[in-house]
Amino acid sequence: MKAIVYEEFGSPDVLELKEVEKPIPKDDEVLVKVHATSVNALDMIFRSGASLLFGMTKLMAGFNKPKHNILGFDVSGEVEAVGQKITKFKKGDLIYACLRSPGANAEYVCVPEKLAAIKPANMSHLEAATTADTGGTALTGLRDVVTITEGQRVLIFGASGGVGSFAVQIAKIFTNEVTGVCGTNAVDMVKSLGANAVIDYKKEDFTKNGQTYDVIFDAVGRKVTSYEKCKNSLTENGIFVTVDPQSTMFRYMMNKKVRGYMGGINSEKLDYLRELIEAGKVKTFVDKVYPLSQVAEAHRYYESGKKKGKIGISVQE
Ligand SMILES: NC(=O)c1ccc[n+]([C@@H]2O[C@H](COP(=O)([O-])OP(=O)(O)OC[C@H]3O[C@@H](n4cnc5c(N)ncnc54)[C@H](OP(=O)(O)O)[C@@H]3O)[C@@H](O)[C@H]2O)c1
């Protein structure tokens, strides 16, 4: 099968289209004919070999050379074969998933049953593949890490990104008081996702405008903001939630107003997302689509910082 392979850490130049062996599913896995995958922040981390989360990313991606030679965490496609212990899926099912170990930048990938769900009927494979990781991460943060009730004021920092664009829509399901923060070019996009108000961070610092929020959801990470910067913008019981667990790992033990978390995406979360999607409450915003052969170009576009929403990779061209 064809796959995008990397054998050393580095720039997008390390990604090459190669012929490799088709994988064989374990008992608890399904073999999926990949129709689409996407590009995520974790692909950049695995490709470059960056050491984050106290070296945890090195543990996952490899120390001196890549542990997994194929990237791609999001997948949407058709089940081609099932392992002996599979009960939920059968050959021909159309599924989507977010993998814990990458491998979806390929024509076939093995997917653990517990990480997959039936694809939303009203989404193409490309749309589903651009939803699993960041949609699931937004869902975990706003449904499980905090409980939002109607009338609460929620601010999404990074509202135009992969996680943030889903976070705006998911927050709107729980409350009608959602503010998105993004750069100038994305203001219209964030409005179109349903945000009640949009703050352009290039023109206004939301931490200095006197407004307060019950939940501030940091969907940017990388220490661009912090609890310290945001604390005066929180209500008395307000909570700062961030997609960057490293920045809050120890602080949470002392301060319950700060929460960092990992997405932990699984079948249950993807089933829940599918219901929201099929009910027309959540959609994906796909900025650009590249064929499998151009994954390196897709990484360059991701790293240019010009991207809005998601980048899709079409595998069955
Ligand atoms: N915890 C988890 O399990 C998990 C899972 C997935 C992702 N993540 C993390 O979540 C973060 C976001 O991922 P993503 O895929 O959504 O990334 P992304 O698509 O690249 O989005 C990044 C967002 O950050 C905004 N941004 C960049 N610089 C900014 C600045 N100086 N001030 C304010 N906003 C700024 C961008 O806004 P503009 O483009 O409008 O400027 C964009 O909305 C990453 O750090 C990633 O590692 C964590």
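Q: Which domains does the domain assignment of the protein chain give?
A: Good place to start! The assignment gives domain 1 (2-131 + 284-314) and domain 2 (134-260), with bounds that come from an automatic or database domain assignment. Residues are numbered from 1 along each chain as its sequence is written. This is a predicted model, where local features need pLDDT of at least 70, side-chain atom pairs count only at pLDDT 80 or more, and totals for chains, interfaces and linings use all residues.

Q: How many residues from domain 1 and from domain 2 does the contact take?
A: Domain 1 gives 10 residues and domain 2 gives 10 residues (in contact: C-beta atoms, placed from the backbone, within 7 Å). The centres of the two domains, taken over C-alpha atoms, are 27 Å apart. On the side of domain 1 that touches domain 2 there are five nonpolar, three polar and two charged residues (nonpolar: Ala, Val, Leu, Ile, Met, Phe, Trp, Tyr, Cys and Pro; charged: Asp, Glu, Lys and Arg; polar: the others, Gly among them).

Q: At what angle do the axes of helix 1 and helix 10 cross?
A: Two packed helices are described by the angle and the distance between their axes. Here helix 1 (residues 41-48) and helix 10 (residues 295-304) have axes that come within 11 Å and cross at roughly 110° (axes: lines fitted to C-alpha atoms, for helices over the stretch in contact; angles: 0 to 180 degrees between N-to-C directions). Therefore helix 1 is roughly perpendicular to helix 10 (under 35 degrees is roughly parallel, over 145 roughly antiparallel, 65 to 115 roughly perpendicular, the rest oblique). Asp43, Met44 and Arg47 of helix 1 make the contact with His299, Tyr302 and Glu303 of helix 10. By class, the residues of this contact are two nonpolar, one polar and three charged.

Q: What is the order of the six strands in the open sheet?
A: Strands of a sheet pair through backbone hydrogen bonds, either parallel or antiparallel. In this open sheet the order is 10-9-8-11-12-13, with parallel pairing (strands pair if DSSP finds at least two bridges between them; helices, H or I of at least four residues, and strands, E of at least two, are DSSP runs numbered from the N terminus).

Q: Which strands stand at the edges?
A: Strand 10 (197-200) and strand 13 (258-260) each have a single partner strand, so one side of each lacks a neighbour in the sheet. On average, neighbouring strands of this sheet are turned by 20° against each other, direction ignored.

Q: How many bridges join strand 11 to strand 12?
A: Five bridges link strand 11 (residues 213-218) and strand 12 (residues 234-242), which run parallel. To find one, look for Ile216, whose bridge partner in strand 12 is Phe240.

Key. Two residues are in contact if their C-beta atoms, placed from the backbone, lie within 7 Å.
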